[in-house]
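Keep the model in view while reading.

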Amino acid sequence: MKRVITFGTFDVFHVGHVNILERAAALGDYLIVGISSDQLNFSKKQRYPIYNQHDRTKIILSLKYVNEVFLEESLELKLEYIKKYNADILVMGDDWKGRFDWVKSDCDVIYLPRTPSISTTEIIEVVKTL
């Protein structure tokens with residue numbers, strides 16, 4: 001059984017999120033998703049997510065492509081998460097291309113193209129102007 005792991009904030013859920021999770025799931029038999037904790041998101045973006053980590057976890061876990069969800073507490077623990085969940089493949093968006101090649105000794109790394117013309121940040125900016 002091939003186990004796939006991916007990570008993200010998955011705030012203000014949109015079709016781009018569905019697309020990457022669907023494509024990640026198609027690469028294996030079991031999809032594990034690390035959801036950035038509220039605190040991790042604040043440390044990365046200097047703002048908390050619109051939806052809290054509990055709600056984002058519930059949304060992602062409800063998807064038919066996803067088998068398991070956990071909270072990602074630190075970007076530096078990627079390899080530990082990969083080992084803990086026995087992942088064979090790490091999937092990330094291509095905006096991270098090359099940044100996780102250092103885990104290739106423990107699993108395959110695949111960077112998938114993002115869905116064009118949609119991002120959570122852009123959605124939030126549009127909504128703020130309404």
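## Helix H1 and its buried face

In helix H1, which spans residues 15–25, the buried residues are Gly-16, His-17, Ile-20, Leu-21, Ala-24 and Ala-25. They lie on the same side of H1, because they cover an arc of only 165° around the axis. An α-helix has 3.6 residues a turn, so residues three or four places apart point the same way. The model is a predicted one.

## The chain as a whole

The chain has five helices and five strands. Along the sequence they follow the pattern β-α-β-α-α-β-α-β-β-α. Of the 130 residues in the chain, 44% are buried. Take the contacts between residues at least 6 apart in sequence: 61% of them join residues at least 24 apart. The accessible surface comes to about 7,300 Å². Carbon and sulfur atoms account for 54% of that surface.

## The sheet

In what order do the five strands form the open sheet? The order is S3-S2-S1-S4-S5, with parallel pairing. Strand S3 (68–72) and strand S5 (108–112) are the edge strands, each pairing on one side only. From one strand to the next, the twist averages 25°. Helix H3 packs on this sheet and touches strand S2 (30–36) and S3. The direction of H3 makes about 155° with that of S3.

Strand S1 (residues 3–8) pairs with strand S4 (residues 89–93) in the parallel sense, over three bridges. Thr-6 has Val-91 in S4 as its bridge partner.

## Arg-56 in helix H3

Arg-56 sits in helix H3, residues 53–61. Is Arg-56 buried or exposed? Its relative accessible area is 0%, so Arg-56 counts as buried; the cut-off is under 20%.

What surrounds Arg-56? Leaving aside neighbours within four places in sequence, Arg-56 is in contact with Thr-9, Phe-10, Asp-11, Ile-35, Ser-36, Ser-37, Asp-38, Pro-49 and Tyr-51. One of these, Ser-37, is 19 residues from Arg-56 in sequence. In space, the two are 9.4 Å apart, C-alpha to C-alpha.

The side chain of Arg-56 also reaches two backbone oxygens, listed here.

| Side chain | Backbone oxygen reached | Distance |
|---|---|---|
| Arg-56 | Ser-36 | 2.9 Å |
| Arg-56 | Tyr-51 | 2.8 Å |

Key:
Residues numbered from 1 in each chain as written. Predicted model: local features only at pLDDT ≥ 70, side-chain atom pairs only at ≥ 80, totals over all residues. Heavy atoms only, no water. Buried < 20%, exposed > 50% of the residue type's maximum accessible area, 1.4 Å probe, protein only. Helix = DSSP H or I, 4+ residues; strand = E, 2+ residues; numbered from the N terminus. Arc of directions from axis to C-beta. Contact = heavy atoms within 4.5 Å. Polar contact = N/O pair within 3.5 Å; in protein donor to acceptor, adjacent residues only side chain to side chain. Areas by Shrake-Rupley, 256 points an atom, 1.4 Å probe, with all protein chains shown as cover. Pairing = 2+ DSSP bridges. Axes fitted to C-alpha atoms, helices over the stretch in contact; angles between N-to-C directions.
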